[in-house]
Amino acid sequence: MQPTILPRTSAGHIPGEAGVWVLILGDIFAFSAFFAVFLLHRAQDVALFSASQAALDRRFGLLNTALLLTSSARAGAPRRSAQLLILALSCGCGFIVSKAFEWGAKIAAGITLNTNEFYSFYYMFTGIHLLHVLVGMGVLIYLLTRSRRGDPGASYVAAMEGGGAFWHMVDLIWVVLFALFYLLR
């Protein structure tokens with residue numbers, strides 16, 4: 001079955017395929033609910049959340065933010081797209097390595113998912129986000145293979161737009177997580 005490609009119009013073009021936007025909107029809705037629950041629990045025990053948050057290393061959060069925002073790429077000619085996709089994949093790998101070091105340092109210090117409510121949220125939400133990064137990297141690898149084949153058809157453009165939109169959603173979710181876990185006072 002062929003995916004539905006949204007019609008291209010000069011004004012109001014929606015990038016990608018409709019199914020990608022259903023996925024993105026569903027993820028944004030789910031993470032919005034996560035954020036609301038986090039803020040509700042934070043409001044009930046500000047002291048615990050503030051003390052736990054102070055133990056996080058903001059440098060890791062800032063590095064992860066820089067890596068993900070740097071990884072955002074625009075589609076262009078297949079050769080240029082391949083270079084940008086490789087850059088995005090490299091930044092995604094950097095994010096994973098950074099998160100592994102951050103989690104490793106916390107676990108080595110005895111701070112785990114069960115330490116307190118803040119860290120339960122921290123590990124669960126950043127873990128779910130990390131899963132999205134891994135899925136996004138799979139999408140980027142798929143786009144890279146298509147780009148290297150020199151497949152400039154309409155389905156290629158829709159795939160690049162949809163993949164880019166998903167990766168931007170991953171960026172957006174991280175920016176909110178960064179603000180909630182590392183910056184909110």
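**Entry 1**

I looked up the second largest pocket and noted a volume of about 220 Å³. Of its 15 lining residues, Val20, Val139, Ala159, Gly162 and Gly163 are the closest to the centre. The model is predicted: local features need pLDDT of at least 70, side-chain atom pairs count only at pLDDT 80 or more, and totals for chains, interfaces and linings use all residues. Residues are numbered from 1 along each chain as its sequence is written, and side-chain values use heavy atoms, with hydrogens and water left out.

My note on terms: a pocket is an open set of points on a 1 Å grid over the protein atoms alone, where a 1.4 Å probe fits, with protein on both sides within 12 Å along at least five of seven lines; lining residues have an atom within 4 Å of a point. The volume is the space filled by probe spheres set on the points, which are joined across faces, edges and corners.

I then checked the helices (DSSP runs of H or I, at least four residues, numbered from the N terminus). H1 (18-44), H5 (117-148) and H6 (154-183) each supply at least two lining residues. H6 gives the most, with six.

**Entry 2: salt bridges**

I searched the whole structure for salt bridges and found two. The term means a side-chain nitrogen of Lys or Arg within 4 Å of a carboxyl oxygen of Asp or Glu. Arg59 meets Asp57 at 2.9 Å, N to O. Lys99 meets Glu102 at 2.6 Å, N to O. Lys99 and Glu102 both lie in helix H4 (residues 78-108), three residues apart, about one turn.

Buried or exposed: which are Lys99 and Glu102? Both are buried (under 20% relative accessible area, 1.4 Å probe, protein chains only).

Key:
Buried < 20%, exposed > 50% of the residue type's maximum accessible area, 1.4 Å probe, protein only.
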